[in-house]
Structure formats: C-alpha cells, structure tokens
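Please consult the sequence and the structure shown here.

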Amino acid sequence: MIRYLHTKLPPAFRFRKYICWNVCLLLLTGLTMSFQVSAQQLTVTGKVTSSDDGGALPGVSVLVKGTSTGTTTDFEGVYKLNVPDANAVLVFSFIGYASQETAIGNRSSIDIVLNADVSELSEVVVIGYGEVKKSNVTGSIVSVKEEDLKRVPVTNVMESLQGNVPGMDITRTSGSAGGNVNVRVRGQRSLTASSEPLYIVDGVQYSNIQDLNPNDIQSMEVLKDAASTAIYGSRGANGVILVTTKKGATGKTKVMFNAYGGPSSLNGYPKVQNGAEYANQRREAQRAIGKWSSAADD
C-alpha cells in the first residue's frame, strides 16, 4: 500500500521526501561524530607552584605539545584545559623557571612544581625603586659597575660616567675644583624648566649627587627610554639615574685602602713678594735713577 502511494505521488512531493530523508541522515551522522569527539576529549586541572617557597605561580603558560591549544594559570596558580586525548603531553613554561613536560595518561588532575632556572637569574639590575633580574629587563638601561667608576679619580661621581653611557652629555658649569656638572640624559627638553635627570640613591630620591663619595658607590644604572622611566611619572621625563651604594656582606672581614698622589707646588715657579719686599724693591728702583734717598721721599 505504501509503495503504491509513493508511486502515485506527484514528482514535487517525491523530491521533498527525498530531501527530508537526507537531512535526517546528516543530523544523525553529526550527532554520532560529536559523541565520539566528546568521548575522546579530557579536561585536566591542577595547580602550579614554585620550588623556592611553594607559592602559587600566576601566568604560567600551559600548552599541549605540538598544538596551539593552551591556557595560563590564574592568580592562585590554578589552570583548566581541555585536551584532545589522554596521550597528549602538557608543557609548562614561565619566565625565570625551567620548562617542564608531563604526559597526561588517564589523570584528570596534575599538579606541577617548577624549578628556578639559575642560569637566567645570575645578574641583578636595579630598575624602578627595587631590583629585577637582567633577563626580565625590556627597557633601555645602561649599567656602570664599580670597576668603571674607579678608573678616573674624580671628586664628582658624575664625571666618571663620561664615555661610559652612550648618549649622555656631561659638561662642567665652571673651572673651579668643586664645580658642579650639567647632566643631560635625554637632551635639552625645556627652555625654562630644568633638564636634569632624577637621582635615586638606594631607593630614595636624592637632590645633590655631588655630595656622594665616588668610593662609596657600587653601581649606577641610567634609565633612558619611556618604558624604563614610566614608574616615575613626569619626574622621570629627563631620564633617571639610579645609584646603589656599598653594603656590608657576609664572610671574612676585608679592609681596603685607596690613595692618590700628586704635586702640591710647581717646580721652578718664582717666589711671590710680600708687601714690605715689594716696597723695598720700588725704593731701590727709584734710588737708582736719583729720585729716592730716604723714607721721606716715599
């Protein structure tokens, strides 16, 4: 009976019936594939901590190896990631720490402890009001160490930076021994306002840098670009010079002595007369031409 009705239907109705059967078949195929994909995927959660103090590490990159699928840890070091299958490998990486890989297997919770990478944390650079690792610095910073500051014996520590910092102009204000210097890190930026850089000594703002003893300085950092001086706001518009002084250190007691020698008088320079000697010389000159004979002629 059904076959008879199908043969008796008009061609338009038979075409619509064919389309309906194909749509239903496609829907069933899609549902079957989605069930298979959801059955293969696995949700993995966990927490990433540091080996130094056991604290949580926020911002750690968690990536499925060989793919672009990944996520980052939150402020508490917790992550959550959907992986394609249980055979995937997770890669954990963070700045200053050694990358670590771990296979998922059938685990849904994986906690990771990252170890600090000592090779990247060996050198410390002063920036802002504190210290950061040199590998994490992205701004324009010139660091001058103690050895470079001791090469030239000067009374003003800023004179020791001449030739050590590219782009810095240092000129004397006068020829006197205790004369100050003009320092320009980012050029002459104003006609009326000051173009002097901001001085920070051991994290504290300092006004007169020439009061510092050059022998007490351990290192100096010059911040030049906007990225490095942004923490200081408008005060750092002319550049920032950070000074770190020497501090006590653990270990054996060490005594250091520095001395410089130089001439105190010029060799062969004539002796200057005092007032009485000069008066007698004038009297003798006048007596030689017959104009002086006694003190009454003075």
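Gly 46 stands opposite Tyr 79 in β4, and strand β1 (residues 42-50) pairs with β4 in the antiparallel sense over 6 bridges. The model is predicted: local features need pLDDT of at least 70 and side-chain atom pairs count only at pLDDT 80 or more, whereas totals for chains, interfaces and linings use all residues. Residues are numbered from 1 along each chain as its sequence is written, and side-chain values use heavy atoms, with hydrogens and water left out.

**Terms for strands**
- Helices (H or I, at least four residues) and strands (E, at least two) are DSSP runs numbered from the N terminus.
- Two strands pair if DSSP finds at least two bridges between them.

**The sheet containing β1**
- The order β4-β1-β7 describes an open sheet of 3 strands with mixed pairing.
- Because β4 (78-83) and β7 (112-114) stand at the edges with a single partner strand each, one side of each is left without a neighbour in the sheet.
- On average, neighbouring strands of this sheet are turned by 35 degrees against each other, direction ignored (axes are lines fitted to C-alpha atoms; angles run from 0 to 180 degrees between N-to-C directions).

**Aromatic pairs**
- The whole structure holds 2 aromatic pairs (ring centres of Phe, Tyr or Trp, the latter by its six-membered ring, within 6.5 Å; planes under 30 degrees apart are stacked, over 60 edge-to-face and the rest tilted).
- Tyr 79 and Phe 92 form an edge-to-face pair, because their ring centres are 5.5 Å apart and their planes stand at 70 degrees.
- Since Tyr 79 lies in strand β4 and Phe 92 in strand β5 (residues 89-94), this pair ties together parts that are 13 residues apart in sequence.
- Tyr 79 and Phe 92 are both buried (under 20% relative accessible area; exposed is over 50% and partly exposed in between, with a 1.4 Å probe and protein chains only).
- The pair of Phe 94 and Tyr 97 is tilted, because the ring centres are 5.8 Å apart and the planes are at 40 degrees.
- Phe 94 counts as partly exposed at 28% relative accessibility, whereas Tyr 97 is buried at 16% relative accessible area.

**Strand β16 and its partners**
- In strand β16 (residues 240-245), 6 of its 6 residues are buried.
- Val 240, Leu 242 and Thr 244 are buried on one side, and Ile 241, Val 243 and Thr 245 on the other, leaving both faces of β16 covered.
- Strand β13 (residues 198-201) pairs with β16 in the parallel sense over 4 bridges, and Leu 198 stands opposite Val 240.
- Strand β15 (residues 217-223) pairs with β16 in the antiparallel sense over 6 bridges, and Met 220 has Val 243 as its bridge partner.
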